Structures are given as C-alpha cells and as structure tokens.
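Please look over the structure shown below before reading on.

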Amino acid sequence: MVLCQAAPCHAAIRGRSALIPGKAQQRPAGAAAGRRDAGRARTMWVFGYGSLIWKVDFPYEEKMVGYITGYSRRFWQGSTDHRGVPGKPGRVVTLVEDPEGCVWGVAYRLPAGQEVEVKAYLDFREKGGYRTTTVIFYPKDPSIKPFNVLLYIGTCDNPNYLGPAPLEDIAEQIFNAVGPSGRNTEYLFELANSIRNLVPEDVDEHLFSLEKLVKELLERNQNLNCL
C-alpha cells in the first residue's frame with residue numbers, strides 16, 4: 001500500500017523532545033498546568049479525522065488540533081448511509097494500522113454532564129461500520145501534555161469496509177457517489193481543505209492525490225458538457 005508521508009508528525013515529536021529542564025519554554029505555571037492536565041484526564045475527548053473535522057453538529061466545550069500515531073488515513077470505508085446508497089456506496093475515510101504513520105485532526109472535549117448523550121449521538125452518526133477505541137492524542141501545541149481520546153474506526157472486518165483499490169478507481173467512485181448527506185465529492189473536498197487550513201505543513205499524500213484526481217474528473221466532465 002502507498003503510505004502517507006508522516007514527516008510533519010515526526011517533526012512535532014522532535015519538538016516535544018526539546019521541552020527539557022533548563023530550557024526556557026513558554027509553559028503555564030506548574031500548578032495550573034497540572035490541574036489542566038488532570039482535568040483532561042477526567043473528561044471525555046473525541047478525535048475527528050474525517051467529517052468530524054468539518055461537520056461539527058454536536059456540542060463541545062473545547063477543541064484542539066493535533067495528531068495520533070500508529071495509523072494512516074485512507075478512503076477505504078464504504079458509505080451507504082451518508083455519501084452513497086446500498087448497491088452504490090461512496091467512500092469515506094477510516095484508519096489503517098501503520099507503525100510509521102500519523103494522522104492529524106481535531107480533538108473535541110465533550111460538555112461535562114452531557115458525555116453520554118453526545119456519545120450516543122456520535123455512535124448513531126458513525127453507525128456505518130465504525131467501532132470505538134482509545135488512543136493517545138498529541139496536541140499541536142507542544143506545551144500541552146498528550147492525553148487519551150476516543151476514536152471511531154472502521155476496521156477491515158466491518159460489513160461496509162471496501163479496502164484498498166487503485167487511486168484512480170477510488171477517485172471515480174467518489175466522483176459518482178451521492179447519498180443522504182450529499183455528494184461524496186463534497187466530503188473529499190471539505191476534508192482536504194480543512195487539513196490544508198489546520199495543518200499547512202501536513203503532507204497527506206493519499207488525501208491530496210485523490211483530491212487532485214477527482215478535480216481532474218470534474219474538469220473533464222465539464223469540458224465534455226461544453227462540447
């Protein structure tokens with residue numbers, strides 16, 4: 001499989017290693033920082049790496065840009081409930097295990113006292129083959145300690161999993177698919193634009209290659225319609 005270039009995450013990790021005693025760092029006072037770190041450990045955070053980045057239709061109290069490691073983002077999950085229909089599924093992102101990979105996204109802190117309610121809504125929204133697990137989230141701001149987040153992931157044994165395919169075939173499927181939540185192309189373009197704006201230094205080869213291929217298909221189709 002074609003792996004994403006994970007250099008930006010590795011650079012961020014190197015930045016963290018520079019936070020050592022004796023170095024002048026812009027960090028909160030020790031007691032205040034400790035309280036904030038303890039508070040994050042007691043609250044529920046959810047990590048978004050797909051539509052949860054740009055379609056935030058649930059309440060949250062705080063959000064933070066950062067990344068997780070050990071995975072790469074891939075358009076290998078089928079969608080028959082949002083960006084496609086049964087028999088003609090769209091393609092949305094899931095995560096695949098990759099020891100050298102990392103995935104940038106956004107972590108959301110769910111409102112205190114509403115965690116169960118909001119999670120129930122997210123469980124329904126992500127019902128198309130996704131399960132939950134807990135991973136470590138590394139904030140983009142290296143002065144903030146990593147903490148645990150809830151992650152929705154479509155594993156290869158779920159019924160909507162489509163798996164790898166040539167990028168040209170995935171692009172064609174995205175170009176043609178539409179579902180109750182809209183066109184599959186919207187999902188792709190919104191995600192690519194969000195990652196580009198949130199983390200300009202990120203190089204998600206899979207995502208941006210698909211964006212380029214689908215835009216070429218759109219341009220080709222428009223040219224044909226003008227003939």
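## Burial and the basis for it

A residue is called buried if its relative accessible area is under 20%, and exposed if that area is over 50%. The model is predicted, and the values in this report are computed from it.

Y49 has a relative accessible area of 5%, so this residue is buried. F47, at 1% relative accessibility, likewise counts as buried. Across the 227 residues of the protein chain, 44% count as buried.

## Aromatic pairs

Two rings are taken as a pair if their centres lie within 6.5 Å, and the pair is stacked if the planes are under 30 degrees apart. By this rule the count comes to 11 aromatic pairs. The ring centres of F47 and Y49 are 6.4 Å apart and their planes meet at 25°, which means that the pair is stacked.

F47 and Y49 also belong to a cluster, linked by ring pairs, whose other members are W45, F137 and F147.

R73 belongs to strand β2, which covers residues 62–79. Its relative accessible area is 2%, and R73 is therefore buried.

What does the side chain of R73 approach with its polar atoms? One polar atom of that side chain lies 2.8 Å from the backbone oxygen of Y49, and the backbone oxygen of W104 lies 3.0 Å from a polar atom of the R73 side chain.

## Helix α6 and F189

Helix α6 is made up of 15 residues, 184–198, and its first and last C-alpha atoms are 21 Å apart, which is close to the 21 Å expected at 1.5 Å a residue. The buried residues of this helix include N184, T185, Y187 and L188 as well as F189, L191 and A192, and S194 and I195 are also among them.

F189 has a further neighbour in K215, which lies over the face of the F189 ring at 5.7 Å from the ring centre.

## The chain as a whole

The protein chain contains seven helices and seven strands, and from the N terminus on these elements run in the order α-α-β-α-β-β-α-β-β-α-β-β-α-α. Among the contacts in the protein chain with a separation of 6 or more, 76% are made by residues 24 or more positions apart.

Key. Residues numbered from 1 in each chain as written. Predicted model: local features only at pLDDT ≥ 70, side-chain atom pairs only at ≥ 80, totals over all residues. Heavy atoms only, no water. Phe/Tyr/Trp six-rings, centres within 6.5 Å; stacked < 30°, edge-to-face > 60°. Buried < 20%, exposed > 50% of the residue type's maximum accessible area, 1.4 Å probe, protein only. Lys NZ or Arg CZ within 6 Å of the ring centre and 35° of its normal. Helix = DSSP H or I, 4+ residues; strand = E, 2+ residues; numbered from the N terminus. Polar contact = N/O pair within 3.5 Å; in protein donor to acceptor, adjacent residues only side chain to side chain. Contact = heavy atoms within 4.5 Å. Expected span 1.5 Å × (residues − 1).
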